[in-house]
Amino acid sequence: LQAARDAGLAPTVVTYASVAKGHAMRGEYEAASGVLDQMEADGVAPNVPTFHALLSVCARAGEADEALALLRRMEAAGGGGGGGGGGGSTLAYNLVIGCLLRRDRAAEAEALLHSMHAAGVAPDTVTFSSMISLSPGASTAPARAAEWLGAMKQLGLQPDAQCFNKVLACCARARLPELADEWLDKMEAAGVPPNLVSYSTTIAAYAKTAQPDEAAAVLRRMTARGIAPDTILLNQLLESLVRASRPAQAAALLSRFRRGELGPPPDCCSYTIVLSALAREGDVARAASWFRTMTAEDGIAPDLMCYNGLIRGFAGQGELDEAMRLYDRLRREGLSPDEWTYGPLLDGARAARASRLARSLGAQMLGRSPPVLSSFCLVALRRSIGASGLRAVCRECGVLDQPAVRQALGKAPLQGARRG
């Protein structure tokens, strides 16, 4: 840019905007603002696309203060030459509002929306969709979301499926599935057909509150309208049965899932939900059978969560050898054990009075990079090998000075434990 100016070539608005955007992308917001200053000093007015480009960079980076400053500058410039209108644009306000909401600055976002309307800049469905989806406070979000939908209608805007889906998500976060079901009816009454996301969100809300029969009713309603479920939705049905302490029915549903009666095939998550539930119930034989079906028959590779569910079941039933075989297998497959792997194994070793095994597991847990320093695991290890044993292993692994270790050594064995 400087070379062009030295050569007597007049940079255009595109030239300046490119350099300013480059500075902004590197986080050099002061330098980007300086380019805008130079641009104006040279008689080249920043236009709307210039501000949009810079605001987009700031919003993606979460720099809410920088985005606000740019918006104020855009307003003062009257929208910029070639922008076609005064003040900020709808897109500019949307970018800043979204950025504020992602930074948990909802009050400022709402104030900006009001000032946007006062400045004669019309909000659109994107504006309200942002406000709905990030309404603060799970307990009050559904009511607040409904208010935003009402505000849209007052301005003559018709909420689309995305807006309604975000209201449904607010209901799900607040654990109010019946309210989500009512919003499905309101959505249809407004002439907006619910889509897969709408039904999936409602089913997820019922799953979180352990209401599998109601979740199944929503699925029937969806399929009656010709919408096919996906694997994620069917996994939510499995989860609803498990949360309702009905693992046998979840296993039966998974069998139908495998036979293709419900549409898409199951994935690793489907099997993990069922086998983990069976393992928690103490039915490790059936859990292991589903594990073999998944790996040997369906060719699905287990992930760490799947292994952890089965390890917890075997360790809890005193079948430590089988749990250790799974531990060795997951490591051979390149998976990295975490606290939910080591915790049940250490508890199992303590119950079996296998202090040598516990010490070996502790050394592996603390000697890896980064070490696993969960209070649950450290307390379980202390209970197995004693405070002096824990201190020795921690010293060997170079983690004796870690706060979690000091806490585990300074408390009674059962204090500070955390279970999955």
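This is a predicted model: local features need pLDDT of at least 70, side-chain atom pairs count only at pLDDT 80 or more; totals for chains, interfaces and linings use all residues.
Let's begin with proline 370. It sits in the loop between α21, residues 355-367, and α22. What is the peptide bond from serine 369 to proline 370, cis or trans? It's cis, with omega near -5°.

Arginine 175, in the loop between α10 and α11, has a phi of about 60° even though it isn't a glycine. It counts as partly exposed, because its relative accessibility is 45%. Then there's serine 245, in the loop between α14, residues 231-243, and α15. Serine 245 is another non-glycine with a positive phi, near 60°. This serine is at 55% relative accessibility, so it counts as exposed. Why flag these? Because most residues other than glycine have a negative phi.

Now, the aromatics. If you pair up rings whose centres lie within 6.5 Å, you end up with six aromatic pairs. I'll show you two. Phenylalanine 164 and tryptophan 183 have ring centres 6.2 Å apart and planes at 55°, so that pair is tilted. Phenylalanine 164 is in helix α10, residues 161-173, and tryptophan 183 is in helix α11, residues 177-189, so the pair ties together parts that are 19 residues apart in sequence. Both partners are buried: phenylalanine 164 at 2% relative accessibility and tryptophan 183 at 8%.

The second pair is tryptophan 340 with phenylalanine 376, also tilted, at 6.4 Å centre to centre and 35° between the planes. This pair links distant parts of the chain, 36 residues apart, with tryptophan 340 in helix α20, residues 339-351, and phenylalanine 376 in helix α22, residues 375-397. Tryptophan 340 is partly exposed, with a relative accessible area of 30%, while phenylalanine 376 is buried at 5%.

What lies over its face? That's lysine 186, at 4.2 Å from the ring centre.

Leaving out neighbours within four places in sequence, methionine 365 is in contact with Tyr342, Leu346, Pro371, Val372, Cys377, Leu378 and Leu381. The largest nonpolar core has 124 residues, and the ones touching the most other members are Leu346 and Met365. As a general background point, nonpolar side chains in soluble globular proteins tend to be buried together.

Two more residues and I'm done. Leucine 253 is in helix α15, residues 247-258, and it counts as buried because its relative accessibility is 12%. Apart from neighbours within four places, its contacts are Leu237, Leu238, Leu241 and Leu262. For leucine 238, the C-alpha atom is 7.2 Å from the C-alpha of leucine 253, though the two are 15 residues apart along the chain.

And finally arginine 221, in helix α13, residues 212-224. Is it buried or exposed? Buried, because its relative accessibility is 16% and the cut-off is under 20%. So who does arginine 221 touch? Not counting residues up to four places away, the answer is Asp181, Leu184, Asp185, Glu188 and Tyr199. With glutamate 188 there's a polar contact, side chain to side chain, at 3.3 Å.

That's the tour. Thanks, everyone.

Technical notes
Residues are numbered from 1 along each chain as its sequence is written. Side-chain values use heavy atoms; hydrogens and water are left out. Helices (H or I, at least four residues) and strands (E, at least two) are DSSP runs, numbered from the N terminus. Buried means under 20% relative accessible area, exposed over 50%, partly exposed in between (1.4 Å probe, protein chains only). A polar contact is a pair of N or O atoms within 3.5 Å; within protein, one must be able to donate a hydrogen and the other to accept it, and residues adjacent in sequence count only if both atoms are side-chain atoms. Contact means heavy atoms within 4.5 Å. Rings of Phe, Tyr and Trp (its six-membered ring) pair if their centres lie within 6.5 Å; planes under 30 degrees apart count as stacked, over 60 as edge-to-face and the rest as tilted. A charge sits over a ring if NZ of Lys or CZ of Arg is within 6 Å of the ring centre and within 35 degrees of the ring normal. A nonpolar core is a set of buried Ala, Val, Leu, Ile, Met, Phe, Trp, Tyr and Cys residues joined through side-chain atoms within 4.5 Å.
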